[in-house]
Amino acid sequence: MHGGDIMKNKVKLIALDMDGTLTSEDHLTVSEENRAALKRASENGAKIAIATGRTRSILGDVCQQVPEIDYIIHSNGAAVFDRKTNGTIYENPMPWDIAKRLIDYFNNYEIFLEIYESGMSYAQEDKIPYFSEEVLPKEFLDEALKGMTICDDFLETLGGKSIEKITAHIFDKELYGSVWDYLCKSDDLEVTKSFSVGIDITKAGANKGTAMKSLCEKLGITPDECMAFGDESNDIPMITFSKYGFAMENASEACKEAASYITKSNAESGVAHGINQIMFE
């Protein structure tokens with residue numbers, strides 16, 4: 001432990017987006033600098049939470065790389081998992097009737113669809129060819145597919161269940177815009193993006209900010225004691241919730257405008273730079 005550390009500012013919870021933020025450009029690796037900064041923050045009393053659009057089955061080995069992680073805010077805030085108790089402590093899924101409406105709509109298009117339920121990721125066999133390497137690294141796609149449960153039909157496999165999140169991968173810009181506009185007309189949905197070709201859909205009100213707020217209430221932590229890092233629009237709710245809200249240098253313009261601070265890019269260990277800037281330097 002860094003016994004001589006005197007923190008500049010008391011931070012009790014650090015929430016970290018993964019892709020484009022905590023992980024390097026391969027979407028798999030956490031840099032030594034980031035790991036060291038998170039270890040130091042944890043040793044000084046901060047709780048560490050991943051806040052990701054992914055669900056638990058496709059996290060990869062990030063929790064092995066950063067064993068100090070206490071909580072997993074997953075599926076864009078549809079649920080919070082406590083690693084110490086190995087249980088879900090918050091969830092806000094969409095009811096099946098909403099999910100079925102979306103599945104029926106997306107079945108009209110040749111796009112790859114992921115559906116998250118109870119921490120698991122599901123993909124439909126006939127849609128796998130549309131899981132493209134055009135934007136995401138092949139190594140990451142191969143790793144992600146290993147964590148998915150492949151089914152013949154979403155309706156048969158998931159029928160009647162509550163759904164955490166649906167993600168559509170759309171590479172055609174015109175189709176992306178059309179689908180985005182269609183989804184945003186529904187007041188029972190939260191529609192965001194976590195990467196350039198993805199559209200993430202959760203129940204209205206289910207986002208990283210509301211999940212972080214719920215976790216803080218459980219832990220007795222205030223927004224003034226929170227730090228958050230992100231790079232896309234799905235990170236904005238937790239960045240604006242936190243006193244120390246950081247956008248990465250590689251973040252979208254909307255994310256940067258919402259943030260109180262800008263740190264270095266994910267390729268330059270921007271998480272470590274931000275933690276050290278606020279807590280220790």
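Strand β3 (residues 71-74) pairs with strand β4 (residues 79-82) in the antiparallel sense, over four bridges; helices (H or I, at least four residues) and strands (E, at least two) are DSSP runs numbered from the N terminus, and two strands pair if DSSP finds at least two bridges between them. Within this pair, Ile73 stands opposite Val80 in β4. The model is a predicted one, in which local features need pLDDT of at least 70 and side-chain atom pairs count only at pLDDT 80 or more, while totals for chains, interfaces and linings use all residues. Residues are numbered from 1 along each chain as its sequence is written, and side-chain values use heavy atoms, with hydrogens and water left out.

Both β3 and β4 belong to an open sheet of eight strands with mixed pairing, in the order β5-β4-β3-β2-β1-β12-β13-β14. Its edges are formed by β5 (87-91) and β14 (261-262); each has a single partner strand, so one side of each is left without a neighbour in the sheet. Helix α11 (residues 270-280) lies across β1 (13-16), β12 (226-230), β13 and β14, and runs at about 155° to β12. Such angles run from 0 to 180 degrees between N-to-C directions, and axes are lines fitted to C-alpha atoms, for helices over the stretch in contact.

Ser242 is located in the loop between α9 (236-241) and β13 (244-247). With a relative accessible area of 4%, Ser242 is buried; the term means under 20% relative accessible area, whereas exposed means over 50% and partly exposed lies in between (1.4 Å probe, protein chains only). Leaving aside neighbours within four places in sequence, Ser242 is in contact with Met212, Pro223, Cys226, Met227 and Ala228, where contact means heavy atoms within 4.5 Å.

A further open sheet has six strands in the order β8-β7-β6-β9-β11-β10, again with mixed pairing. Here β8 (148-151) and β10 stand at the edges, and each has a single partner strand, so one side of each lacks a neighbour in the sheet. On average, neighbouring strands of this sheet are turned by 25° against each other, direction ignored. Strand β6 (residues 112-117) and strand β9 (residues 165-169) run antiparallel and are joined by five bridges, with Lys165 in β9 as the bridge partner of Tyr116.

A hairpin connects β10 to β11 through five residues, and Val191 stands opposite Ile201 in β11. Both faces of β10 are covered: Leu189 and Val191 on one side, and Glu190 and Thr192 on the other, are all buried.

Helix α4 touches β6, β9, β10 and β11, and its direction makes about 15° with that of β9. Helix α7 lies across β10 and β11, running at about 10° to β11.

The helices also pack against each other: α4 (residues 96-106) and α7 (residues 173-184) meet at an angle of about 155°, with their axes 13 Å apart. That makes α4 roughly antiparallel to α7, since angles over 145 degrees count as roughly antiparallel, under 35 as roughly parallel, 65 to 115 as roughly perpendicular and the rest as oblique. The contact is made by Leu102, Tyr105 and Phe106 of α4 and by Val179, Tyr182 and Leu183 of α7. By class, this contact has six nonpolar, no polar and no charged residues; Ala, Val, Leu, Ile, Met, Phe, Trp, Tyr, Cys and Pro count as nonpolar, Asp, Glu, Lys and Arg as charged, and the others, Gly among them, as polar.
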